[in-house]
Each structure stands twice: as C-alpha cells, then as structure tokens.
Amino acid sequence: MRARFWESGPDSMSLKGTLEAIGLEELLRAELAAQGAGRLTLRNRAHYAALSFTPEGVYALQPDLLDAEVILRTFAERGLVDPEKISKTRRRHLSDVILLDSLVEEGVVPEAELMEVLAAEVEDTVLDLMLWEEGHFHFERGVVDPTERGLVGRVCVDPQGVCDRARKRLDDLVFS
C-alpha cells in the first residue's frame, strides 16, 4: 500500500502530492471525486499533463497529440470521407480544427467515428499517465475554461470507467 502524501493549500483550494505516494488511478477513482470541479496537473521530469474535472466527468486537456489534418487524412484513406469534399471545404478555412468542425457540421465527417477516435485518444492518454510512478501532481479547485480544451478535450469520460478500461488494457499488455 502506498503512503499518502497530501499538502493542502492555505485556502484549501488546492491539493499537492507526489505520484510515488498516490498514483493517477487512485486520484481518478476516489481522491478527487469528492473535491469537485478543478484542474489536475501532473509532471514527470520533462513531461506534463493536465486533466479537467467537472461534475459530468473528466476531460483531457494536455497533451493533445491529435492533429486535425491527420484525422482527416486517416478518414479519407479509410474511405469514410471523400478527399474532394475535404479539399473544397479547406479553401474556406485556415485552421484544420475549424475545417474538421465544419466537415462534421456538414455531415461529411461522421461525428460518431470522430468521437470514437477522440475517446480512444483520451483512454490512451490516461493509460500513459497511469504508468507514471514518479513525479508530482497539483489539483486546483475551480471551473476550467472550456476554451482550453483541444480536440481530445471535447470528450468527457467517466473517471472510474476510463480507469477500468485503461487497467484492463494495461493487464492485457503485461500478461500477453
């Protein structure tokens, strides 16, 4: 059993600790559930991650490793999207993210498939973070500005559910 190390801020609006004492899985499953809305930042040497907790669930803020252009190219390669429609719509938009949003709105990019890709990336991010056995975390209570969310941050996940799925995937990797 891990020793617990918590440091509460003077106004009890933040919590700090080490990942050696409390891992991300524990934080997601129980510790932060009672704390309400806020932002959890994790640092492990040069690596950084941020999650947003809301009453609805958890959003991954950082890292957002998905690129809208890669998603569009992959959908086109799989035959889910007509490359010609992407090219026509691209002329009206400077940003790949705005282009992707426009294509979803127009029904060119299937929203369900996009959300599936984003949810899988959130799960992969949480799985990677669960493997961090050293580093520090800082939880600051308060509502996170929704404009901070990138592509992956659009998907809200149940913290316990994503932990269960990540744990199962981790077990599958270890025992296969």
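Which side chain meets Arg154 in a salt bridge? Asp101 does, at 2.4 Å, N to O. The model is predicted: local features need pLDDT of at least 70, side-chain atom pairs count only at pLDDT 80 or more, and totals for chains, interfaces and linings use all residues. Residues are numbered from 1 along each chain as its sequence is written, and side-chain values use heavy atoms, with hydrogens and water left out.

**Terms**

- A salt bridge here is a side-chain nitrogen of Lys or Arg within 4 Å of a carboxyl oxygen of Asp or Glu.
- Helices (H or I, at least four residues) and strands (E, at least two) are DSSP runs, numbered from the N terminus.
- Buried means under 20% relative accessible area, exposed means over 50%, and partly exposed lies in between (1.4 Å probe, protein chains only).

**Salt bridges across the chain**

- The count comes to 8 salt bridges.
- Arg154 and Asp101 form one of them, at 2.4 Å.
- This pair links distant parts of the chain, 53 residues apart: Arg154 sits in the loop between β6 (136-141) and α6 (159-174), Asp101 in helix α4 (residues 96-105).
- Arg154 is partly exposed because its relative accessibility is 35%.
- Asp101 is also partly exposed, at 30%.
- Glu123 and Arg165 meet in another salt bridge, at 2.9 Å, N to O.
- That pair also links distant parts of the chain: Glu123 lies in helix α5 (residues 111-130) and Arg165 in helix α6, 42 residues apart.
- Glu123 has a relative accessible area of 14%, so Glu123 is buried.
- Arg165, at 41%, is partly exposed.

- Glu69 and Arg73 meet at 3.7 Å, N to O.
- Both residues lie in helix α2 (residues 68-77), 4 residues apart, about one turn of the helix.
- Glu69 counts as partly exposed, at 23% relative accessibility.
- Arg73 counts as partly exposed too, at 40%.

**Aromatic pair**

- The structure holds 1 aromatic pair.
- Phe53 and Phe139 have ring centres 5.8 Å apart and planes at 85°, so the pair is edge-to-face.
- The rule: rings of Phe, Tyr and Trp (its six-membered ring) pair if their centres lie within 6.5 Å; planes under 30 degrees apart are stacked, over 60 edge-to-face, and the rest tilted.
- Phe53 is in strand β4 (residues 47-53) and Phe139 in strand β6, so the pair links distant parts of the chain, 86 residues apart.
- Phe53 is buried, with a relative accessible area of 7%.
- Phe139 is buried as well, at 0% relative accessibility.
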